[in-house]
Amino acid sequence: MSAATIPAPIEDAHDDHDAHTTTTGISNEKMAMWLFLGTECLLFGGLISTYLLYKNKPGSNPDLAGSPVKPSDIFDIPFTSATSFVLLASSLTMVFAVTEAMRGNQQKMRLWLVATAGLGALFLGGQVYEFTAFVKEGMGFTSNVASSAFFTLTGFHGAHVTIGILMLLVTAGLSWRGRLPASKAESVEIVGLYWHFVDVVWILIFTVVYLMK
Amino acid sequence: MAIIEARSPLALESGVKPATNRMGVFARPTTSQGGWKSWLTTVDHKRIGIMYGAGSIFFLFVGGAEALLIRAQLARPDQKLLSAAVYNQVYTMHGVTMIFLVVMPLAAAFINYLLPLQIGARDVAFPRINAFSFWCWLAGALFFNSSWFFGGGADGGWFAYPPNTGVIFSPGYGLDFYVFGLTITGIASLVSAINLIVTVINMRAPGMSWFKLPIFTWMALVTQFLLAFALPVITVALFLLAFDRNFGSNFFDVAHGGDPLLWQHLFWIFGHPEVYIIILPSFGIVSEVIPVFSRKPLFGYPFMVFSGIAIGFMGWGVWAHHMFASGIGPMSVTAFSLATMFIAVPTGVKILNWVATLYGGKITYSVAMLFALGTVTMFLIGGLSGITHAAAPVDYQHTDTYHIVGHFHYVIFGGGLLGLFAGAYFWWPKAFGHFLSETLGKWHFGLMLAGLNLTFGAMHILGLQGMSRRYFTYSANQGFAFWNMVASIGAFTMGAGALVFAVNMWRSWRKHRANPVDVGPDPWDARSLEWMVPSPTPEYNFAEIPEVSELDEFWHRKYGHDDEHRAVRIAKTEDVVEKTGATGIHLPSPSYWPLVLACGFPLLCYGLMFHKERFSGPGTGEPIQFVPWAIGVGLLGVIIIAVSLFGWIMEPSTDPDDGHSHDDHGDSQSDHAGDLPAGEGELVSVGGGALVSGDGGDAGDSATSKNEDPA
Amino acid sequence: MTDVLERNDQIAEADHDAHDDHHPSNATYWKVGLFLAVVTALEIVAYEMIEGPLATAALLIMMVVKFIVVVGMFMHLRFDNKLLRNLFLIGIFLASTCYLGAFAAMGHFEDSGTNVIRDVPADQPMPPQPTAPAPIIKESKGH
């Protein structure tokens with residue numbers, strides 16, 4: 001099964017047969033993804049709120065147990081800015097992947113998908129480097145409430161990025177094996193929605209956690 | 001309507017047979033397999049609903065036994081049946097079990113069974129995900145209850161306030177089972193909520209606009225929105241507590257600057273919508289049952305819809321009424337107190353509309369109707385005591401006493417559970433093709449009504465006398481003995497009622513097996529679409545998806561109006577209902593991946609819980625001590641999850657080779673090769689594309705019309 | 001909301017076609033990407049150069065702008081059926097109001113900003129606070 005020839009989708013002969021009409025005209029999968037992203041707002045909202053609650057606790061009171069070093073004391077804003085640009089760029093490459101998918105250019109779509117995954121991996125690598133640096137400077141997960149909140153929030157985000165990268169690679173892989181016919185182009189868009197949301201959450205985190213004092 | 005192209009996740013290349021893939025031993029099942037295995041791989045919403053029902057009734061007895069232990073302990077002062085530590089476990093497990101493993105899944109049973117039928121669809125939007133939700137819930141339920149075998153159940157109360165539930169004051173594993181168990185069941189409910197919301201928005205029968213939706217579906221829909229948006233909040237709380245207990249963080253430890261109130265806020269932002277999640281399905285059931293047994297339409301349908309939506313919306317603004325005594329300050333207390341008073345209004349609207357429905361109706365006191373009336377009256381009592389709690393100064397006296405325990409049991413048990421029993425008696429013939437005994441049902445109702453009023457009425461008095469909740473015993477000189485004895489007698493009365501229900505289920509089934517009688521599609525002369533199909537419901541639901549032109553569509557096919565607006569029969573029921581035995585209808589194929597995926601989660605959680613000795617590792621000053629078997633189990637869980645997800649993605653939602661493949665289409669003789677003869681009731685699932693929700697799109701395919709067998 | 005839903009059903013077909021027409025071109029996407037990069041750069045400048053509440057306001061505004069642009073353009077929400085926007089908005093609305101409400105109830109927006117219940121006036125010293133008990137480490141090793 002070569003990657004160059006994509007077999008005619010099985011549905012071709014039976015498009016009516018497989019067509020399923022939805023009451024609103026929106027596909028079930030797309031609606032489900034938007035709903036899911038709406039619920040994720042509550043999840044990340046809670047984690048961001050926890051961080052906001054605790055970010056200034058260390059050092060605020062001499063009687064408090066735990067390290068007095070706040071995460072904001074040891075942020076490396078230039079470095080985090082760079083990783084933020086990387087993630088933002090990955091959103092752009094994702095958009096192009098979706099465009100190519102809509103146009104039926106599977107080869108180009110795969111390139112953009114892999115580029116997106118690569119940029120996402122680069123972002124994750126940056127996170128790992130950043131966190132290792134923090135730990136070396138004495139701020140670990142258990143150092144104080146602010147560091148716990150910080151690592152929980154960014155850890156959840158990183159887990160979401162990881163899942164996103166897997167989804168991107170699986171999509172690219174399916175396409176390469178010829179299992180992503182044109183009628184399924186929307187699934188690339190849906191993966192894209194998830195990926196952009198992960199980027200949007202980072203937009204929130206970068207501003208609220210790193211930049212705001 | 002726009003035509004959206006097929007959404008089978010993957011189309012296999014022409015000619016590849018899934019049954020002979022590399023994993024040939026684990027070939028995909030087909031529905032022609034009968035027996036218990038077909039239940040493990042089913043994606044049929046009706047079977048999933050029945051399994052939810054069976055599971056929740058099992059846990060009803062588990063939670064009920066826990067309740068009886070509590071009441072046995074408290075029947076008399078200074079008893080030593082249960083030690084304080086064990087008592088804490090019993091009442092915590094009772095609460096968690098009853099809420100998460102009984103009332104919620106029992107509501108889910110009805111919602112899963114009825115939603116597609118009520119909207120005129122063949123199944124939900126994502127059938128395999130639906131199956132996964134059930135198995136994941138079951139996995140979480142069993143995982144949570146396995147705590148009894150690992151040193152004891154959770155013991156911090158169902159609300160699990162830290163720092164009491166932190167690892168210093170609760171070093172046992174019970175609360176870890178709580179934290180991880182609820183996360184697992186939470187995933188199940190969240191995913192199911194998304195599934196059902198998409199189903200209701202996107203898969204309604206032609207003509208079923210929003211204000212023709214059956215009222216039960218409306219309430220179920222609001223419930224799903226509440227679930228979807230509230231569960232992530234408790235997920236955050238559970239993770240923070242899990243990290244505190246297992247990974248050395250200090251989110252809720254005051255000495256480190258942590259704030260126990262953070263837990264309370266997060267928990268109750270979930271917890272208040274949760275109680276509406278509990279009650280709204282029962283409200284929906286009552287709204288279906290009362291009109292049928294009054295032979296009148298639901299009074300004020302639009303008001304019922306809007307009040308349900310209002311309850312769902314306002315429920316987000318009252319959570320801190322569970323925290324009046326926690327020191328949030330007078331401004332917050334006032335705000336939440338006012339909001340709580342306002343939320344009584346939409347509920348009052350509903351009660352008035354039910355009463356108005358009954359007024360002037362021709363009432364039949366079937367068991368379903370008795371339970372429905374019981375729901376309304378018991379919820380009214382519970383709601384009235386709830387209003388007294390809304391006044392914060394009064395609540396300072398009520399809080400943490402039995403007055404609150406009495407209140408919430410009236411609304412959850414009297415409101416929620418009685419409503420679900422009403423649904424059971426009402427829809428039993430539809431699901432199983434036979435009735436539950438009305439005589440036994442009346443005993444069931446009577447015992448439960450008497451018992452619950454004895455128990456929870458007495459608790460209101462105990463609260464006013466000053467008895468604190470969550471105490472394992474009390475002294476003889478406190479004056480609580482009499483009403484505690486009354487409450488305990490009531491509890492055992494309810495237990496007897498539950499046994500009667502179990503006996504009823506069993507005997508009705510046996511009687512039906514011995515002497516089957518066809519109850520027909522519409523034994524109650526009801527109003528909504530599910531009564532249009534044979535009983536028990538055929539696998540494909542509707543032979544032909546109905547065109548809907550008004551609310552209570554089925555009723556209006558049977559009845560018109562005369563000049564004085566009285567109902568007049570315009571058609572015989574047998575002419576309006578569907579006949580049995582349609583063939584050739586496309587259904588989604590079964591799959592074992594949902595079950596396998598669900599098994600991965602508890603294993604992962606065992607690993608997370610036991611992977612190291614409790615007081616070793618970061619934050620404890622001791623070197624970390626790993627526990628190899630636990631790490632192995634956890635890794636196995638991860639592998640199972642990864643492999644299942646991969647297998648799931650690789651498998652089309654409907655198996656093209658399942659007896660009716662695309663390749664066979666050209667060749668009319670084998671078109672119906674896989675079909676069983678009509679009347680078997682069991683259809684071979686036919687291959688093809690994604691689930692067909694409306695027959696309009698299938699004009700080109702002869703296989704979808706009923707009984708059009710070219711052979 | 002229901003009339004929006006009814007209208008959605010009716011215009012779904014038209015919407016589907018509209019969706020195809022409104023597909024921004026690659027050039028547009030590059031411009032959007034550039035815009036986002038510029039705003040991010042401005043955010044960093046604001047962080048470095050501005051102090052106090054002005055910085056906070058500027059950063060929040062820029063964050064919201066980026067959010068809307070990514071959601072509206074990259075996620076195509078601007079051109080899609082309004083129902084999808086509404087579903088997503090429910091999440092945003094609930095998250096903002098509930099978490100802000102919790103912050104307010106926790107006294108986060110008040111001057112003192114502590115989480116300790118004060119029962120003495122602010123100008124007097126706090127009474128000694130209880131300390132957490134020593135952790136029980138070596139006692140309950142068994143499961």
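Predicted model: local features only at pLDDT ≥ 70, side-chain atom pairs only at ≥ 80, totals over all residues.
Trainee: How many of the 213 residues of chain A count as buried?

Mentor: Of those 213 residues, 58% are buried. Buried means that 20 or more other C-beta atoms lie within 10 Å of the residue's own; exposed means 12 or fewer, partly exposed is in between, and the C-beta atoms are placed from the backbone.

Trainee: OK. What is the secondary structure of chain A?

Mentor: Chain A has seven helices and zero strands. Along the sequence the pattern reads α-α-α-α-α-α-α. Helices (H or I, at least four residues) and strands (E, at least two) are DSSP runs, numbered from the N terminus.

Trainee: And what box do the C-alpha atoms of chain A fill?

Mentor: Roughly 75 × 35 × 25 Å, taken along the principal axes.

Trainee: What about contacts in chain A between residues 24 or more positions apart?

Mentor: They account for 79% of the contacts in chain A with a separation of 6 or more. Two residues are in contact if their C-beta atoms, placed from the backbone, lie within 7 Å.

Trainee: At what angle do helix 2 and helix 7 of chain A pack?

Mentor: About 15 degrees, with the axes 11 Å apart. Helix 2 covers residues 28–54 and helix 7 covers residues 185–211. That angle makes the two helices of chain A roughly parallel. Axes are lines fitted to C-alpha atoms, for helices over the stretch in contact, and angles run from 0 to 180 degrees between N-to-C directions. Under 35 degrees counts as roughly parallel, over 145 as roughly antiparallel, 65 to 115 as roughly perpendicular and the rest as oblique.

Trainee: Which residues meet there?

Mentor: From helix 2 of chain A, they include W34(A), L37(A) and F44(A). From helix 7 of chain A, they include L193(A), F197(A) and V201(A). By class, this contact has 14 nonpolar, no polar and four charged residues. Ala, Val, Leu, Ile, Met, Phe, Trp, Tyr, Cys and Pro count as nonpolar, Asp, Glu, Lys and Arg as charged, and the others, Gly among them, as polar.

Trainee: Switching to chain C. How many helices and strands has it?

Mentor: Chain C has four helices and zero strands. Of its 143 residues, 22% are buried.

Trainee: How many residues of chain C are in contact with chain A?

Mentor: 39 residues of chain C contact 36 residues of chain A. On the chain C side, helix 4 gives the largest share, 12 residues. That side divides into 25 nonpolar, nine polar and five charged residues.

Trainee: Now the largest nonpolar core. How many residues has it?

Mentor: It has 301 residues, and I197(B), V289(B) and A422(B) have the most contacts inside it. Helix 6 of chain B, residues 215–246, supplies the largest share, 24 residues. A nonpolar core is a set of buried Ala, Val, Leu, Ile, Met, Phe, Trp, Tyr and Cys residues joined through C-beta atoms within 7 Å.

Trainee: What does A422(B) touch?

Mentor: Its contacts include I285(B), V289(B) and F371(B), not counting residues up to four places away in sequence.

Trainee: And M93(B), buried or exposed?

Mentor: M93(B) is buried, because 28 other C-beta atoms lie within 10 Å. M93(B) sits in helix 3 of chain B, residues 84–119. M93(B) and E66(B) are 27 residues apart in sequence and 7.4 Å apart in space, C-alpha to C-alpha.

Trainee: Where is there a cis peptide bond?

Mentor: One joins P162(B) and P163(B), with omega about -5 degrees. P163(B) lies in the loop between helix 4 (127–145) and helix 5 (174–202) of chain B. The bond from S535(B) to P536(B) is also cis, with omega near -5 degrees.

Trainee: What is phi of R295(B)?

Mentor: Near 55 degrees, a positive value in a residue other than glycine. R295(B) lies in the loop between helix 7 (260–294) and helix 8 (301–314) of chain B. R295(B) counts as partly exposed, because 15 C-beta neighbours are inside 10 Å. N541(B) is not a glycine either, and has a positive phi of about 65 degrees. N541(B) is buried, with 23 other C-beta atoms within 10 Å.

Notes:
Residues numbered from 1 in each chain as written. Chains lettered and ligands numbered in written order.
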